[in-house]
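Let's take a walk through this model, stopping at a few spots worth a look. Have the structure open as you read.

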Amino acid sequence: MDIKYTIIIPHYNTPLLLKRCCMSIPEREDIQVVIIDDCSPDAKKYLQEYSYLKRKNVEFYINDTNKGGGYARNIGLKFAKGRWLLFADADDYFVNGFEKILDEYYNSEADIIYFNIESVYSDNIQQKANRNMGKELLFNNFKKTNDSSPFRYLYCEPWAKLIKHHFVNNNNLKFDETKVANDYYFSVTTGCLANKIDIIDKKIYVLTLRKGSVSAEFGDTLEKILTRLWVYTRVQLFMEKNGYIIEPMRIRGIMVLLLKKNFIEFVKQLYIIHKKGISVTKLLYQMFNIKYMN
């Protein structure tokens, strides 16, 4: 049977949460589940200990070294066989019956189909969390304006999307192999390069809020902030090159965070940003203009 959907899941050291994610996906022959373990301490024992990894449509691979979610997703892409790609984080999961929604749009001519999400606390999935507020705003604005373009550059995560496999291959699109923000550039470039996108206000994915996750520790170290700034700078340059002039600039928030963390490094990065062709004058104006302050 031809594979309709390949779901790629990077994983590190949360096998019980991975089980929740994996078990939310039906054991259908036309759905390929590719799990890339990023060298968890006990990963070599998982196949013996966790029966869900032996489901007929699940493939489980282990990286030799820990290189982050972006590297794991790129490995997953090498094993993908489906016409459509989906991505999930191991601590999230899909809503009941999501595959029936996917089937409704299987023959879509779009390169990317954007779906809505829910958000709950990982340790108490009955309690709503607030990680989906940005997506709700996107969908609400779309209802009012029918303008889908903001999804291209503001839906900055790979999950809850159907992405044509051949579109990714034809454009040689890969994830950044960084420890943080490894999905941002991929998400924006796929969105901006897609010839056609569809917006479907149906929830297929549950985003969880979990202490200790990469997203929960957004900028707790200087190293993470600088890594994010490197990624955000690439996104900023890509968007400007492709005619997407967005205010405030994509790098504004991370530069505010850097300023609070380390003034000397902030000045150094301003010079680097200037050398790359980004307007420092515009950036500073937006950083200190009350209009853009939360």
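Predicted model: local features only at pLDDT ≥ 70, side-chain atom pairs only at ≥ 80, totals over all residues.

Residues are numbered from 1 along each chain as its sequence is written, and side-chain values use heavy atoms, with hydrogens and water left out.

Start at His 11, which sits in strand β1 (residues 5-11); strands (E, at least two residues) and helices (H or I, at least four) are DSSP runs, numbered from the N terminus. His 11 counts as buried because its relative accessibility is 3%, where buried means under 20% relative accessible area, exposed over 50% and partly exposed in between (1.4 Å probe, protein chains only). A polar atom of the His 11 side chain lies 2.8 Å from the backbone nitrogen of Thr 14. Beyond its neighbours within four places in sequence, His 11 is in contact (heavy atoms within 4.5 Å) with residues including Leu 18, Ile 35, Asp 37, Tyr 46 and Ala 90.

Now for the backbone. Most residues other than glycine have a negative phi, and most peptide bonds are trans. Cys 39, in the loop between β2 and α2 (46-49), has a positive phi near 65 degrees and is partly exposed at 28%. Asn 172, in the loop between α7 (165-170) and α8 (184-193), also has a positive phi, near 50 degrees, and is exposed at 58%. Finally, the peptide bond from Glu 247 to Pro 248 is cis, with omega near -5 degrees; Pro 248 belongs to the loop between α9 (222-241) and α10 (252-261).

Definitions and conventions:
Polar contact = N/O pair within 3.5 Å; in protein donor to acceptor, adjacent residues only side chain to side chain.
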